[in-house]
Amino acid sequence: MPNQLDLGSLFQAVTQNLAQNRDSLNQADGYNHNHGDNMVDIFKTITEAAETRQGAKPADQLEYASQLLRQRSQSGSAQRYANGLQSASRKLQGQDLTTENAMQMIQALLSGGEAPPPP
């Protein structure tokens with residue numbers, strides 16, 4: 001049986017990593033120097049949503065995270081991640097999140113809901 005993954009724990013680890021690298025991300029942002037701050041806020045919201053819906057199917061947790069992120073932030077990055085969360089939710093519909101399908105969720109999240117370019 002595949003190992004099931006907990007979205008709240010997964011996103012908490014991402015949030016912690018981003019928080020540790022916040023200053024570096026802010027410095028790398030040559031425009032307004034706040035990309036690290038924005039990413040930490042985005043993933044705090046995603047983590048909160050996953051933890052609030054703990055016990056729900058991953059697709060439902062991801063959909064809720066998408067909705068919460070859209071409500072809380074109008075930034076371009078937040079909206080792109082909200083689209084990615086919604087896409088990941090559709091891809092995981094009716095499934096548990098496992099080590100076998102986690103990459104599918106990550107790819108959908110990072111794509112911002114857009115189809116990957118053709119090879």
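Biologist: At roughly what angle do the axes of helix α5 and helix α6 cross?
Modeller: The model is a predicted one, so local features need pLDDT of at least 70, side-chain atom pairs count only at pLDDT 80 or more, and totals for chains, interfaces and linings use all residues. Residues are numbered from 1 along each chain as its sequence is written, and side-chain values use heavy atoms, leaving out hydrogens and water. The axes of α5 (residues 76–91) and α6 (residues 102–111) cross at roughly 150° and come within 6 Å. Axes here are lines fitted to C-alpha atoms, for helices over the stretch in contact, with angles from 0 to 180 degrees between N-to-C directions. Helices are DSSP runs of H or I with at least four residues, numbered from the N terminus.

Biologist: How are α5 and α6 oriented to each other, then, roughly parallel or roughly antiparallel?
Modeller: They are therefore roughly antiparallel, a label for angles over 145 degrees.

Biologist: Which residues of α5 and α6 make the contact?
Modeller: On α5 they are Arg 80, Tyr 81, Gly 84, Leu 85, Ser 87, Ala 88 and Lys 91, and on α6 they are Gln 104, Met 105, Ala 108, Leu 109, Leu 110 and Ser 111. Contact means heavy atoms within 4.5 Å.

Biologist: Which residues are buried in α6?
Modeller: Ala 102, Met 105, Ala 108, Leu 109 and Ser 111 are, where buried means under 20% relative accessible area with a 1.4 Å probe, protein chains only. Their cover includes α1 (7–20), α3 (35–52), α4 (58–72) and α5.

Biologist: Switching topic: where is Asn 26, and why does it count as buried?
Modeller: Asn 26 is in helix α2 (residues 22–28), and it counts as buried because its relative accessibility is 11%. Its side chain reaches the backbone nitrogen of Asp 37 at 3.1 Å.

Biologist: What else is Asn 26 in contact with?
Modeller: Setting aside neighbours within four places in sequence, Asn 26 contacts His 33, Asn 34, His 35, Gly 36 and Asp 37.

Biologist: What phi does His 33 have?
Modeller: A positive one of about 55°, although His 33 is not a glycine. Most residues other than glycine have a negative phi. His 33 lies in the loop between α2 and α3 and is partly exposed, with a relative accessible area of 47%.

Biologist: Last one: is Thr 47 buried or exposed?
Modeller: Buried, with a relative accessible area of 3%. Thr 47 belongs to helix α3 and touches Gly 8, Phe 11, Gln 12 and Thr 15, not counting residues up to four places away in sequence.

Methods. Helices (H or I, at least four residues) and strands (E, at least two) are DSSP runs, numbered from the N terminus. Angles under 35 degrees count as roughly parallel, over 145 as roughly antiparallel, 65 to 115 as roughly perpendicular and the rest as oblique. Buried means under 20% relative accessible area, exposed over 50%, partly exposed in between (1.4 Å probe, protein chains only). A polar contact is a pair of N or O atoms within 3.5 Å; within protein, one must be able to donate a hydrogen and the other to accept it, and residues adjacent in sequence count only if both atoms are side-chain atoms.
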